[in-house]
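My entries follow in the order I made them.

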Amino acid sequence: MELESILGYLQNKTILVTGATGFLGMVFVEKILRVQPDVKRLYLLLRASDTKSATDRMHDQIIGKELFRVLKDKWGTDFDSFIAEKVVAVPGDVTFDDLGVKEIKLREEMCNGIEIILNSAGTTNFDERYDIALSVNTFGVQHVLSLAKKCLKLEMLLHVSTAYVCGERAGLILEDSSCMDEMEKEITKFDFKVQEMKLVEEKLNELKAQDATEQVITTTMKDIGIERAKLYGWPNTYVFTKAMGEIFLGESKDHLPIVIIRPSVITSSYKEPFPGWVQGFRTIDSVIAGYCKGKLTCLLVDPMSVLDMIPVDMVVHSMIVAMVANANKSSSTIYHVGSSLRNPINFLNIHSFIFRYFTKNPWIDKDGKPVKVGKGKIFKTMATFRMYMQIRFMLPLEGLKFVNKAFGGSFQDLYVNYSQKLKLMMRLVELYEPYMLFKGIFDDNNAEELRRITRERFVDEEAFNFDVRCIDWEDYIMHTHIPGLQKHVMMKR
């Protein structure tokens, strides 16, 4: 049997990408343009007031990034004309009907031409404002789906979710929607969208009537998000609203060909377009940055818990292969893309690699002095962590409060500063707790079957490798991820 080609399928295709300024969406755009220059068109939906603003944003926040260095070198002086021919910046927003695309002619052109939609738009802040998280992660999915149904040539809608829509489940977590079954039954009893939007609007109106500051409004909306998430059984606003997005997608998909990709913790690139590229601090990166600078001396984590992480280029490869393999199939398939089942690594080993790296290559502080790192204190439970914080920080803070009162408020600024920092730290610890103490392993039988199909069916499968078993974690963390994080993120701050 003659083998098919992934690149052959992508030739002359028209693709809509939402979330193109995000880490995953940007790597997807770069990969497509680099390996298949004969793609017909990429529409990038960008939040902007008009076409010029959208185009400027595309060049500043996407095409202008170092990520595109290899592509620029490949095209040389023809790079700008290549981008102008292949990429269209579309002013719009997933939070609006028709994705906020106001120009009728452009909207018709898109609906008549788009064959593939990648929905990678989303806010990934664990404690995002509830109104924002709902509008993007949940109802934004409905708007993308609605536009997809208007696309006359649609062959594939790929939606990027997260493996952590499972909530705080333990054990083997299946590649299905079983973790949301109870919630799906529950929302049939009422109109979730109407109820939650009404709650949000009433609270915002109440705050405005009180002349609340923007900071108070933001804090209140963040608190409501966490409260609603926990009420429905999820640990934070992010995974709750992403889970709801999946539920709405499943309920309204009709016969569209749909793939849901659930990546775990996405890390820097493994190989493409070059090793170690990363944008912003990912989940584990904040810990690495705080540790190497000597600011993180204790950590709430189970050393034997597995951290499921996956390099960004492997996630993109899985997305492209899933698009091609499932194109035009009137079905919906979920893929976990991670490492905890096939190539697990626990926090104990990660900590060891990080310690060894910064012992050999210490961070240089602003005074030009190397920062010496220690092993740090590890707390396996929230109870022991709280006890340590009580003794180490909260009791001294109470002492400062007493001294401040005795001296007529002379230390008020110092007290308020320490108090705010302590509250922020405890909030962050509570947000990260479900992941630092996570006991789940993500089943990836669907993804494994996709890998098998790819090997047997496609002649160019090596260019789209997403088999995590090939990763040597020690080598990757010490020679790719940490150096990449330092170069692309930490050195720029």
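Predicted model: local features only at pLDDT ≥ 70, side-chain atom pairs only at ≥ 80, totals over all residues.

**Ground rules.** I call a residue buried under 20% relative accessible area, exposed over 50%, and partly exposed in between (1.4 Å probe, protein chains only). Residues are numbered from 1 along each chain as its sequence is written, and side-chain values use heavy atoms, with hydrogens and water left out.

**Entry 1: salt bridges.** I count a salt bridge when a side-chain nitrogen of Lys or Arg is within 4 Å of a carboxyl oxygen of Asp or Glu. My search of the whole structure gave 30 salt bridges.

I looked at R356 and E474. Their closest N and O atoms are 2.4 Å apart, in a salt bridge. R356 lies in helix α14 and E474 in helix α18 (residues 473-488), so this pair ties together parts that are 118 residues apart in sequence. I take helices (H or I, at least four residues) and strands (E, at least two) as DSSP runs, numbered from the N terminus. R356 is partly exposed, at 36% relative accessible area. E474 is partly exposed too, at 33%.

Next I checked R427 and D223. Their side chains form a salt bridge of 3.0 Å, N to O. This pair also links distant parts of the chain: R427 is in helix α16 (residues 412-436), D223 is in helix α10 (residues 214-232), and 204 residues separate them. R427 has a relative accessible area of 27%, so I list it as partly exposed. D223 comes to 29% and is partly exposed.

Are D131 and R129 buried or exposed? Both are buried. They form a salt bridge, with the closest N and O atoms 2.7 Å apart.

I also found a salt-bridge network that links R342, D444, E448, R451, D467 and R469.

**Entry 2: nonpolar cores.** I define a nonpolar core as a set of buried Ala, Val, Leu, Ile, Met, Phe, Trp, Tyr and Cys residues joined through side-chain atoms within 4.5 Å. The largest one has 129 residues, and F28, L33, L44, L158 and F192 touch the most other members. Which helix gives the most to this core? Helix α13 (residues 312-326) does, with 11 residues. Another core lies apart from it, with 27 residues, including Y43, C111, L154 and I258.

I then listed the contacts of L33, taking contact as heavy atoms within 4.5 Å. Not counting residues up to four places away in sequence, L33 touches V39, L42, F68, L71, F82, I83, K86 and V87.

T55 sits in helix α3 (residues 51-63). T55 is partly exposed, at 26% relative accessible area.

Entry 3: C179 is in the loop between β6 (171-173) and α8 (181-187). With 14% relative accessibility, C179 counts as buried. Leaving aside neighbours within four places in sequence, C179 contacts V165, C166, R169 and W234.

R262 is in strand β7 (residues 258-263). R262 is buried, with a relative accessible area of 1%.

**Entry 4: backbone.** Which residues does a cis peptide bond join? E272 and P273, with omega about -5°. P273 is in the loop between β8 (265-267) and α12 (285-292).

D98 is not a glycine, yet its phi is positive, near 55°. D98 lies in the loop between β3 (87-91) and α6 (104-113). D98 is partly exposed, at 22% relative accessible area.

D254 also has a positive phi, near 55°. D254 is in the loop between α11 (237-252) and β7. With 52% relative accessibility, D254 counts as exposed.
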